[in-house]
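Me: I would like to go through the labels attached to a protein model and ask, for each, what value and what cut-off stand behind the label.
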Amino acid sequence: MKPIFAAAALAGMLGGCSVYRDATSPRIDPGANWRAVATDSDRDSLRTWRQAWDEALPEAKTADNGVIAADPVLFDPDRALPDALPPAGRYRCRTFKLGKAGTAPLAFVAYPWFECSVTDQGQAKALTKLTGSQRPTGLLFPDTAARAIFLGTLVLGDESAPLRYGIDDDRDIVGYFEKIEARRWRLVMPYPRFESKLDVTELVPAE
């Protein structure tokens with residue numbers, strides 16, 4: 001799996017398929033200001049992060065309070081330590097979906113651990129989920145000392161390269177990234193496109 005902004009090799013193999021090549025070609029400078037890159041809908045999602053927690057967390061507690069209560073650090077909306085960006089390397093990651101949205105039958109879903117990676121991209125870092133049928137991949141832009149902003153897209157199934165961010169609203173992903181313990185981070189995605197009101201992805205170094 002390649003980061004969202006490094007699909008040039010695949011584009012070359014596709015030759016004359018200009019539409020696909022344009023959709024997967026590098027477009028965003030890792031040194032850009034994320035506010036100038038994010039779509040209007042994604043900026044709106046970030047602005048409502050607190051509302052998403054307030055709606056999703058009570059529903060998740062009602063559905064499975066045992067898991068929530070057992071990990072108060074991960075599910076504390078206000079938990080954030082300095083130095084938000086993680087070092088480059090291999091990570092384990094798992095996602096929790098909180099609150100029901102659309103036709104989703106459950107208000108809390110916990111997924112198993114998968115493989116993720118973080119790589120240096122100049123001023124930003126690339127975060128890529130390497131395994132699983134749904135694989136977010138994108139850039140972490142520095143924002144404040146305790147928060148980075150994630151802009152990326154969703155890779156599905158056996159796809160080998162992501163769409164360029166901003167091509168398809170249903171594939172675009174936005175979230176904020178925080179350090180919550182010495183060797184533990186989380187990616188919080190308010191109001192994702194499908195299934196939930198809030199997604200929380202935990203990252204810990206692979207050992």
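Reply: A strand here is a DSSP run of E with at least two residues, and strands are numbered from the N terminus. F150 lies in one such run, strand 6, which covers residues 147–156. Please keep in mind throughout that this is a predicted model.

Me: What makes F150 a buried residue?

Reply: Buried requires a relative accessible area under 20%, and F150 has 0%, so F150 is buried. Setting aside neighbours within four places in sequence, F150 is in contact with L127, T137, G138, L139, L140, I173, V174, G175 and L187. M189 is 39 residues away from F150 along the chain, with 8.9 Å between their C-alpha atoms.

Me: Why is the disulfide of C93 and C116 called right-handed?

Reply: The torsion about the S-S bond is about 75°, and therefore the disulfide of C93 and C116 is described as right-handed. Because C93 lies in strand 1 and C116 in strand 3 (residues 114–121), the pair ties together parts that are 23 residues apart in sequence. Both C93 and C116 are buried.

Me: Helix 5 has 22 residues, so what span would a straight helix reach, and how far apart are the end C-alpha atoms?

Reply: At 1.5 Å a residue a straight helix would reach 32 Å, whereas the end C-alpha atoms of helix 5 (residues 49–70) are only 23 Å apart, short of that span. A kink of about 115° is found in helix 5, centred on D64. That value is the angle between axes fitted to the seven residues ending at a position and the seven starting there.

Me: Which residues of helix 5 are buried, and what covers them?

Reply: A52, W53, A56, L57, A60 and I68 are the buried residues of helix 5. Their cover includes strand 1 (89–98), strand 2 (108–110), strand 7 (172–181), strand 8 (184–190) and strand 9 (198–205). In the chain as a whole, there are 5 helices and 9 strands, and the elements run α-α-α-α-α-β-β-β-β-β-β-β-β-β from the N terminus on.

Me: Why does T39 count as buried?

Reply: The value for T39 is 18% relative accessibility, and with the limit for buried set at under 20%, T39 therefore counts as buried. T39 is found in the loop between helix 3 (34–37) and helix 4 (40–47). Not counting residues up to four places away in sequence, T39 touches Y165, G166 and D172.

Me: Is S45 buried or exposed?

Reply: S45 has 10% relative accessibility and so counts as buried. The place of S45 is in helix 4, and, leaving aside neighbours within four places in sequence, S45 is in contact with V174, P190 and Y191.

Me: What makes the phi of Y191 worth a remark?

Reply: Most residues other than glycine have a negative phi. Y191 is not a glycine, yet its phi is positive, at about 50°. E195 is likewise a residue other than glycine with a positive phi, near 75°. Y191 is found in the loop between strand 8 and strand 9, and E195 is found in that loop between strand 8 and strand 9 too.

Me: Why are Y191 and E195 called partly exposed?

Reply: Partly exposed covers what lies between buried, under 20%, and exposed, over 50%. Y191 has a relative accessible area of 23%, so Y191 is partly exposed, and E195, at 37% relative accessibility, therefore counts as partly exposed as well.

Me: How confident is the predictor, and where is the pLDDT below 50?

Reply: The mean pLDDT of the protein is 86, and 86% of its residues reach 70 or more. Over residues 1–22 the pLDDT is below 50, and this stretch has 42 contacts in the model beyond near neighbours in sequence.

Me: What share of the 207 residues is buried?

Reply: Buried residues make up 46% of the 207 residues in the protein. The accessible surface comes to about 9600 Å², of which 53% belongs to carbon and sulfur atoms.

Methods: Residues are numbered from 1 along each chain as its sequence is written. This is a predicted model: local features need pLDDT of at least 70, side-chain atom pairs count only at pLDDT 80 or more; totals for chains, interfaces and linings use all residues. Side-chain values use heavy atoms; hydrogens and water are left out. Helices (H or I, at least four residues) and strands (E, at least two) are DSSP runs, numbered from the N terminus. The expected span of a helix is 1.5 Å times one less than its number of residues. Buried means under 20% relative accessible area, exposed over 50%, partly exposed in between (1.4 Å probe, protein chains only). Contact means heavy atoms within 4.5 Å. Accessible areas come from the Shrake-Rupley method with a 1.4 Å probe; for residues, only the protein chains shown count as cover. A disulfide is a pair of cysteine sulfur atoms within 2.5 Å. pLDDT is the predictor's confidence in each residue, from 0 to 100.
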